[in-house]
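Colleague: Please take a close look at the aromatic pairs of this model, and at what surrounds the rings.

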There are 2 protein chains.
Amino acid sequence: MTNMKDIAKIAGVSSATVSRVINNNGYVSHITRQKVESAVEKLDYVPNSQAISLKKGATKTIGIIAPNITETITVLVKNFTLAAQKKGYTVILYLTENDPKKELNALELMRSKQLDGIFLIIRSNDWSTIESYTKYGPIVTWQRVKSPCISSVFIDQYDGYLLGLEHLYANGCRTIINLYSDIRRLNTKSRIKAYEYFCKKYDLTPHSPELFNNINSIQDGEHIAHWLANQEIKPDAFMTSSDAVAAGLVSQAKRLGYSLPEDFSVIGFDNIEISHLLDITTIDYSIHKQAENAFKMINNDLSLQKLTPEELDFTLIVRKTTK
Amino acid sequence: MTNMKDIAKIAGVSSATVSRVINNNGYVSHITRQKVESAVEKLDYVPNSQAISLKKGATKTIGIIAPNITETITVLVKNFTLAAQKKGYTVILYLTENDPKKELNALELMRSKQLDGIFLIIRSNDWSTIESYTKYGPIVTWQRVKSPCISSVFIDQYDGYLLGLEHLYANGCRTIINLYSDIRRLNTKSRIKAYEYFCKKYDLTPHSPELFNNINSIQDGEHIAHWLANQEIKPDAFMTSSDAVAAGLVSQAKRLGYSLPEDFSVIGFDNIEISHLLDITTIDYSIHKQAENAFKMINNDLSLQKLTPEELDFTLIVRKTTK
């Protein structure tokens, strides 16, 4: 592999001079610079990016780590990237497919100074393993974590979920089915709690969470529409874990001849583009602002120019799938 | 910075032995290995990933370069990634924001052996600049390019576009508005040609392409719905450049009280999820297979185990926005 010594030899100058030219650091006469540059050209020399980064101290590159690209993750990536690019950062997305090894490969890039910071949307390794990388740069996550060194933009969904349930109750819905994402996850646990509190408050009988678990995608929502068509006694409403599930349910129900909200109501979650396109009532969860806050937290660790994360709140967006 | 010599000193072994342990290459006794590993631990040594990659010859990492994340690019990234992951590759996405410098940074990573190949969805630099990087690894693009060293999964949209126009004609549509993406781009030029041929064939008067140019997003489609509401003489149909544009137009038209296809027809392009959700007639452009083909082409350059790219065709998917 070509190194600075080879260039120095061909250019007839010292290695230190070559270094000054390549790193653009210190005085070099015009003629000497030309000699070095033509030697670099001749040898097709590639500077070691790691070595350069170590000198500069920062690569101005932030990594995003996600298991895959869902509708919601797309919104997070897009808005994080826009915020970071405004401040001169390049953003790189690593898809782990939930493979802890691939996540480690990405984390290692911060250790070897190729990344300045990481937005870890959904992790694959233990938090303790991930924590050990915070000595190399800031890590901010979208998930709930109690850690002295990892920041989180997590918002407890309890209040947001309750907002939806109360809206349904006010519109006369008494039998409400909750389509849960994953009952082992903290977000879902908060939703279950909100639902139990709601049932107690209005003296309703809650259904078991296990009955409607692992419902995550547009296709899962479509399956629920078919399930519904086969039920003799139909529920008044569905609360869903995401706009994707709500979109699948609403569009398939319409194909099956149902009218919403006359036949039943549906509430999405996240307020992403598809809920707007399909006029689905949803809970605005400020996903794009969560992404911006994640960037602000990383920025504040890396830069002297501090940015204030925005306080976020849930908003009910009433559209045409509820009365 | 710690190097192998420092580790060798602390472990009391030769640098060659340290190298054997770190690169897991050649025999080292159990006790010696332990000594080296504890020295590595003690010094918090980070192996130079570039140097390791150079030795192994491949990082098993492929880069995807895109300007931003649109609905269509999401489908490309998702399916390319799935195909690549099946063959043991990690995929990294670089967002350039159409900045040639950022694209160059990503290309440089192939030069410095941190990437084995690149799927360049939409480029920012001149093709000649990009071509100069193909000596370091394969580059496949989604765009049309005549290059001896860059492969393309581009499909000329002429036939697909004509498929939509003929379907509209067969259903009685005579005044058809074409919502173009960018009349300077080759894809759009093919569409304009197909429209001109179509008009000549049926003795219709074509509208000027400039009238409906730069219509790309859901929001642009929504604006067209409002424009339509203000027209005294309404067209029979709209051909669009993407499902995103069609989705914005269809959903906003419905909000304004129009019924489709009774009041007018709309055809999307790409057959991505939102066209399914909104029951929009569209042209299946095999985007997910284009992405798979892109991976296969890169794979065939990198691996002895060849994969055959699939021949792709356009299909008209008739849904509920045409008669």
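Modeller: The following account treats the aromatic pairs in turn. This is a predicted model, in which local features need pLDDT of at least 70, side-chain atom pairs count only at pLDDT 80 or more, and totals for chains, interfaces and linings use all residues. Side-chain values use heavy atoms, without hydrogens and water.

Over all chains, a search of the whole structure finds 28 aromatic pairs; rings of Phe, Tyr and Trp (its six-membered ring) pair if their centres lie within 6.5 Å, and planes under 30 degrees apart count as stacked, over 60 as edge-to-face and the rest as tilted. The rings of Tyr161(B) and Phe269(B) form a tilted pair, because their centres are 6.4 Å apart and their planes stand at 35 degrees. Tyr161(B) belongs to helix α8 (residues 158-170) and Phe269(B) to the loop between β8 (265-267) and α12 (273-277) of chain B, so the pair ties together parts 108 residues apart in sequence; helices (H or I, at least four residues) and strands (E, at least two) are DSSP runs, numbered from the N terminus. Tyr161(B) is buried at 0% relative accessibility, and Phe269(B) is likewise buried, at 0%; buried means under 20% relative accessible area, exposed over 50%, partly exposed in between (1.4 Å probe, protein chains only). The charged end of Arg191(B) sits over the ring of Phe269(B), 4.3 Å from its centre, the criterion being NZ of Lys or CZ of Arg within 6 Å of the ring centre and within 35 degrees of the ring normal.

Tyr285(B) and Phe314(B) are stacked, since their ring centres lie 5.5 Å apart with planes at 5 degrees.

Notes: Residues numbered from 1 in each chain as written. Chains lettered and ligands numbered in written order.
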